[in-house]
Amino acid sequence: MAIRGNWMYENNGGTCVAIAGADYCVIAADTRLSVGYSIYTRDYSKICKLADKCVMASSGFQGDLKALQKNLAAKHLIYQHQHNKQMSCPAMAQLLSNTLYYKRFFPYYTFNILGGLDSDGKGCVFTYDAVGSYERVGYSAHGTGAGLIIPVLDNQLKSPSPLLLPAKDAVTPLSEMEAVDLVKDVFASATERDIYTGDKVEILVINASGIRQELMELRKD
Amino acid sequence: MFRNQYDTDVTTWSPAGRLFQVEYAMEAVKQGAAAVGLRSTSHVVLATVNKAASDLSSHQRKVFKIDDHIGVAIAGLTADGRVLSRYLRNECINHSFVYESPLPVSRLVVRLADKAQVCTQRSWKRPFGVGLLVAGLDETGAHLYYNCPSGNYFEYQAFAIGSRSQAAKTFMERRFEAFNGYSRDELIKDALFAIKETLQGEKLTSSICTVAVVGIDEPFHMLDQKIIQEVIDSIEIKEDDAAAATAAADQAPMQEEDKSSEAAPMDI
């Protein structure tokens, strides 16, 4: 198999989405792992629980994602030993940014979204590029299906536009149920047109009572 | 032990083949507040006496969680203990990162012992002044180790270190053969009993002791003060009943302490 260009990396495809609400956060990612035009597995989780109220989903090169998850988990353990408590979501967001920039000249080929509850219990979503530039937003999507999903979220979430200045707090006024239904809809739609998205979507909902997980079947073609 | 011309440096042998600085370090452990450890086939319990420097200050932390499956209790220079705990935590995290599995307890104590040994063979260092009771669970079962400032380590069914630990050791010597069959709660009760022995008459309350447990399906954690107080209260009720039933029964435990000074199975 001829490997041109990014010979150190591989794009395993897939899509991930996160939406922040007033007191919840929804993070979702499909479970298909592909290389080229082949599917390696239909059952691979791109989501990782980093702390009690903080979850990360990423698309890109899954090898780098595994390494990044292990790295953050170890750093979190050290933090817990030193501070006797779990890291908050904004703290984890900064840690992830620093960890990514640390490899500025040989980056983790991962496009990350961090979701969870901040210290006030409000939903928060942080979106990243591959080298750690990040921003707190009300919703985000990354991966091969992102281009099909973001315009729909822009339209349906009824949040203040993230492009406005001054930056407004962009959590969606939708309820938790409505947000989860919307996520299921956008994944179903992206699956129709994006060959790398499909099989199943893993949806995690974080709220005051903890983390709930749901799996929904998607088209397998 | 008295001062002599061979005790200035850790790298100076005495004519009798002793390193006095190392032995002085072990004295520092004997001066620290007591810590005890007990082991059954499925659980290990650590308990310590927490002395506060004064009524105004908080209590010393003597029990540290190293990983989900390992914890340590220290006696001696708590600063040295804190630094060693940080080292042990790092070793566990690094092992888990590379091997995706918990570091076996026996491997951890060897690394700790090797680290202690280095300080007994460098002229610009001093031995660590802290003894550690390492309690952990791994594939091979439940383990309790004692790590010495000398770099030695031993595995125990039950052990006590620190000041007045002989009283606790005596208490446990009478009962240790049954420990393997003990339930988790019986182990905790005996640990508190052992701590009570080291207090020599002082009142045992949950505010001056710390108890921690690790077991199969139970990650290492410290017990809540309330729970400890409940166990202490149940111990006290039993003792009051025993005193009411036969006045002489109270005297027996105190007398046995004097008889036990011959070499006991658990003495180094």
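Let's start in chain A, where the side chains of A:Lys46 and A:Asp30 form a salt bridge, at 3.1 Å from N to O. A:Lys46 sits in the loop between strand E4 (38-41) and strand E5 (47-51) of chain A, while A:Asp30 belongs to strand E2 (residues 24-30) of chain A, so this pair ties together parts that are 16 residues apart in sequence. Keep in mind that you're looking at a predicted model.

Are these two partners buried or exposed? A:Lys46 has a relative accessibility of 0%, and because the cut-off for buried is under 20%, A:Lys46 counts as buried. A:Asp30 is buried as well, its relative accessible area being 0%. As for the general idea, side chains of opposite charge can pair when their charged atoms come close. Over all chains, the structure holds 24 salt bridges.

Now hop over to chain B, where five strands make up an open sheet. Reading across, the order is E8-E1-E2-E9-E10, with antiparallel pairing. At the edges are strand E8 (158-161) and strand E10 (218-222) of chain B, each pairing on one side only. From one strand to the next, the twist averages 10 degrees.

Zoom in on one pairing: strand E1 (residues 35-39) of chain B and E8(B) run antiparallel and are joined over four bridges. Which residue in E8(B) is the bridge partner of B:Val36? That would be B:Ala160.

Next come the helices. Helix H4 (residues 165-175) of chain B lies across E1 and E8 of chain B, and runs at about 165 degrees to E8(B). Helix H5 (residues 184-199) of chain B packs on the sheet too, touching E1, strand E2 (43-49), strand E9 (209-215) and E10 of chain B. The direction of H5 makes about 25 degrees with that of E2(B).

What links these two helices? One salt bridge is between the side chains of B:Arg175 and B:Asp190, at 2.8 Å from N to O. B:Arg175 lies in helix H4 of chain B and B:Asp190 in helix H5 of chain B, so the pair ties together parts that are 15 residues apart in sequence. B:Arg175 is partly exposed, at 30% relative accessible area, whereas B:Asp190 counts as buried at 3%.

Another pair in chain B is B:Arg184 with B:Asp185, whose side chains meet in a salt bridge at 3.3 Å, N to O. Here B:Arg184 is partly exposed, with 25% relative accessible area, and B:Asp185 is exposed, with 52%.

Back in chain A, salt bridges that share partners join A:Glu176, A:Lys184, A:Arg212 and A:Glu214 into one network.

How values were computed
Residues are numbered from 1 along each chain as its sequence is written. Chains are lettered from A and ligands numbered from 1 in the order in which they are written. This is a predicted model: local features need pLDDT of at least 70, side-chain atom pairs count only at pLDDT 80 or more; totals for chains, interfaces and linings use all residues. Side-chain values use heavy atoms; hydrogens and water are left out. Two strands pair if DSSP finds at least two bridges between them. Axes are lines fitted to C-alpha atoms, for helices over the stretch in contact, and angles run from 0 to 180 degrees between N-to-C directions. Contact means heavy atoms within 4.5 Å. A salt bridge is a side-chain nitrogen of Lys or Arg within 4 Å of a carboxyl oxygen of Asp or Glu. Buried means under 20% relative accessible area, exposed over 50%, partly exposed in between (1.4 Å probe, protein chains only).
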